[in-house]
Structure formats: C-alpha cells, structure tokens
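Subject: Structure for you to look at

Hello,

Here is the structure I promised to send. Please open it first, then read my notes beside it.

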Amino acid sequence: MAVCKGYRTQFTLPTGSSISVLLHQFYLYSKGRFLGFKRGQRAQHENTALIQLENVNSKEETTYYEGKRVAYLFRAPTAKKGSNIRCMWGRITRPHGNSGVVRAKFRHNLPPSAMGSTVRVMMYPSNI
C-alpha cells in the first residue's frame with residue numbers, strides 16, 4: 001500500500017529529439033491527520049491521540065493499520081545535528097468509532113499545537 005505520485009519530465013535523446021516520460025515516485029507511508037485526544041464527556045486523555053487516516057472510511061479498513069508506526073514531523077526553532085526537523089514516534093493501537101479514525105500512543109504525548117496537522121503512517125511493521 002505504498003503511495004504513488006506521478007509527474008512528467010522531458011528527456012533529450014542523443015539524436016537531438018526529446019521525449020516526455022511519466023515517472024513515478026513511491027512513498028513508504030500514507031498520510032493521516034491528528035484530530036485531537038481521546039476524551040470522555042468531561043475528561044481528556046492526552047496519552048492517546050486520535051488520527052484520521054487518508055482514504056480509510058470504515059472500521060474494517062483500519063485493521064491493516066493496527067501496529068503500524070506513526071511519525072509526527074515538525075520544525076524546531078533551533079538546529080540539532082544539522083537539522084531543524086524533529087520527529088515524534090508512536091504506534092497505532094486500535095480503531096476509534098466506525099469512520100476510519102484510529103487511536104495511537106506516542107512515546108511522548110503530542111502537543112496540542114499539533115491538532116489538525118499531518119502525520120505519516122509508515123507501512124511497517126508488516127503483518128501480512
């Protein structure tokens with residue numbers, strides 16, 4: 001279930017003519033959106049994040065993603081090891097409701113400022 005994104009590029013042949021070729025770029029992740037935290041009527045549980053998976057609309061479709069790793073990438077104000085980009089890792093634990101939303105637990109709880117942002121759902125570990 002790797003995501004494929006195609007784009008066209010021009011190549012010039014040694015004879016002088018040029019051809020247009022459709023190239024494909026594959027990703028080993030699919031996208032998801034961090035909706036918020038698991039909650040009851042009054043209490044919110046920040047240790048469990050709710051994630052809406054892209055192109056997943058039912059509880060049955062979420063079973064493939066159980067156990068998959070999730071990465072939340074963000075830009076930090078200071079650079080460490082030559083990069084401003086940092087990553088927080090988590091794992092999908094179970095479905096939440098009937099509409100393709102899943103629960104995920106992160107090593108460090110996601111910050112509230114991350115609500116609505118994109119996360120990467122990695123296609124590993126594989127369970128097929």
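Start with Ala 71, which sits in strand β5. This is a predicted model, so please read every value below as computed from that prediction. Is Ala 71 buried or exposed? It has 1% relative accessibility, so it counts as buried, the cut-off being under 20%. Now look at what surrounds Ala 71. Setting aside neighbours within four places in sequence, Ala 71 is in contact with Cys 87, Met 88, Trp 89, Val 119, Arg 120 and Met 122. Take Met 122 from that list. Along the chain, Ala 71 and Met 122 are 51 residues apart, yet their C-alpha atoms are separated by 7.6 Å.

Stay in strand β5 for Arg 69. Arg 69 is buried, but it has no salt bridge. Which side chain of opposite charge is nearest to Arg 69? That is Glu 66, and it is 16 Å away. Beyond four places in sequence, its contacts are Trp 89, Gly 90, Arg 91, Arg 107, Arg 120, Val 121, Met 122, Tyr 124 and Pro 125.

Two residues in that list deserve a second look. Tyr 124 and Pro 125 are joined by a cis peptide bond, with omega about 0°. Pro 125 lies in the segment after β8.

Next, go to Leu 50. You will find it in strand β4, residues 44-53. Leu 50 has a relative accessible area of 11%, so it is buried. Arg 33, Phe 34, Leu 35, Gly 36, Phe 37 and Lys 38 are among them. His 96, Val 101, Val 102 and Arg 103 are also on the list.

Now the core. In soluble globular proteins, nonpolar side chains tend to be buried together. Here, the largest nonpolar core has 20 residues. Ile 51, Leu 53, Tyr 65 and Phe 106 have the most contacts inside it. Several strands give two or more residues to this core: β3 (29-39), β4, β5 (69-80), β6 (83-96), β7 (101-106) and β8 (118-122).

Asn 55 is in the loop between β4 and β5. Its phi is positive, about 65°, although Asn 55 is not a glycine. Asn 55 is exposed, with a relative accessible area of 67%. Lys 81 is in the loop between β5 and β6. Its phi is near 55°, again a positive value in a residue other than glycine. Lys 81 has 90% relative accessibility and counts as exposed.

Last, step back to the whole protein. How many helices and strands does it have? There are 0 helices and 8 strands. Read along the sequence, the pattern is β-β-β-β-β-β-β-β. Of the 128 residues, 30% count as buried. Among contacts with a separation of 6 or more, 53% come from residues 24 or more positions apart. The accessible surface is about 8,600 Å², and carbon and sulfur atoms hold 52% of it.

Best wishes

Definitions and conventions. Residues are numbered from 1 along each chain as its sequence is written. This is a predicted model: local features need pLDDT of at least 70, side-chain atom pairs count only at pLDDT 80 or more; totals for chains, interfaces and linings use all residues. Side-chain values use heavy atoms; hydrogens and water are left out. Helices (H or I, at least four residues) and strands (E, at least two) are DSSP runs, numbered from the N terminus. Buried means under 20% relative accessible area, exposed over 50%, partly exposed in between (1.4 Å probe, protein chains only). Contact means heavy atoms within 4.5 Å. A nonpolar core is a set of buried Ala, Val, Leu, Ile, Met, Phe, Trp, Tyr and Cys residues joined through side-chain atoms within 4.5 Å. Lys and Arg count as positive and Asp and Glu as negative; His and the chain ends are not counted. A salt bridge is a side-chain nitrogen of Lys or Arg within 4 Å of a carboxyl oxygen of Asp or Glu. Accessible areas come from the Shrake-Rupley method with a 1.4 Å probe; for residues, only the protein chains shown count as cover.
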